[in-house]
Amino acid sequence: MRQRAVARLNGSRINMQQRDAFLEVIYEKACRERDIILMSADFGAPMIDKFKETIPDQFIHCGISEQNMVNVAVGLALAGKRPYLYAMSPFFLRCFEQLKLAAFHHVPITVISVGAGLSYAGSGPTHYATEDIACYRTL
């Protein structure tokens, strides 16, 4: 079941997927702050299309390579950018070592994920993220 959020867009309340609600907030912030970079491994979010079309120099689609996305984000952060990383939680678990080292060295990256726990159980065990919150709490 996809989570829905109620958001305000141009003063109107609208229902949208939670993913699109937080991406909308990041988009609005990125339009004002040029050092924000959205990095994504997602292929199907309408808000990502909005980033690509209107502020393409602040968007990097990394494909299905979350580990590499974290490494690139660390480099961008060390160069003065403010990367926001977005992917499904089960796939961020693959790069926990990179996230752990970034946190240990206080590298300012922001990681946002959807699909905690068994949210995507219908997609099978490759999409389970039963340990995600426990892992992230250690950081």
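**Notebook: aromatic pairs and cores**

Started with Tyr-86: its relative accessible area is 1%, so I put it down as buried, the cut-off being under 20%. I am working from a predicted model here.

Next I looked up the aromatic pairs and got a count of 3. I noted for myself that two rings are described by the distance of their centres and the angle of their planes. For Phe-22 and Tyr-86 I read 5.5 Å between the ring centres and 65° between the planes, so I logged the pair as edge-to-face, which takes over 60 degrees. Where do Phe-22 and Tyr-86 lie? I found Phe-22 in helix α1 (residues 18-32) and Tyr-86 in strand β5, so this pair ties together parts 64 residues apart in sequence.

Then I moved on to Tyr-27 and Phe-51. Their rings also make an aromatic pair, and I noted it as edge-to-face, with 5.4 Å from centre to centre and 80° between the planes. Tyr-27 sits in helix α1 and Phe-51 in helix α2 (residues 46-54), so here the parts tied together are 24 residues apart in sequence. I checked burial for both Tyr-27 and Phe-51, and both are buried.

On to the nonpolar cores. Which residues touch the most other members of the largest one? That core has 17 residues, and my list reads Met-39, Met-69, Val-70, Leu-85, Phe-92, Val-107 and Ile-109. I then asked which elements give two or more residues to this core, and got β3 (36-40), α3 (66-78), β5 (82-88) and α5 (96-104). Helix α3 gives the most, with 5 residues.

Leaving out residues up to four places away in sequence, I have Val-107 touching Val-74, Ala-77, Leu-78 and Ala-102. There is also a second, separate core, with 16 residues; Ile-26, Ala-30, Ile-36 and Phe-59 are among them.

Last, the whole chain. I counted 6 helices and 6 strands, and along the sequence they run β-β-α-β-α-β-α-β-α-α-β-α. The chain has 139 residues, and 42% of them count as buried. Taking contacts between residues at least 6 apart in sequence, I get 56% that join residues at least 24 apart. For the accessible surface I wrote down about 7900 Å², with 55% of it belonging to carbon and sulfur atoms.

Methods: Residues are numbered from 1 along each chain as its sequence is written. This is a predicted model: local features need pLDDT of at least 70, side-chain atom pairs count only at pLDDT 80 or more; totals for chains, interfaces and linings use all residues. Side-chain values use heavy atoms; hydrogens and water are left out. A nonpolar core is a set of buried Ala, Val, Leu, Ile, Met, Phe, Trp, Tyr and Cys residues joined through side-chain atoms within 4.5 Å. Buried means under 20% relative accessible area, exposed over 50%, partly exposed in between (1.4 Å probe, protein chains only). Helices (H or I, at least four residues) and strands (E, at least two) are DSSP runs, numbered from the N terminus. Contact means heavy atoms within 4.5 Å. Rings of Phe, Tyr and Trp (its six-membered ring) pair if their centres lie within 6.5 Å; planes under 30 degrees apart count as stacked, over 60 as edge-to-face and the rest as tilted. Accessible areas come from the Shrake-Rupley method with a 1.4 Å probe; for residues, only the protein chains shown count as cover.
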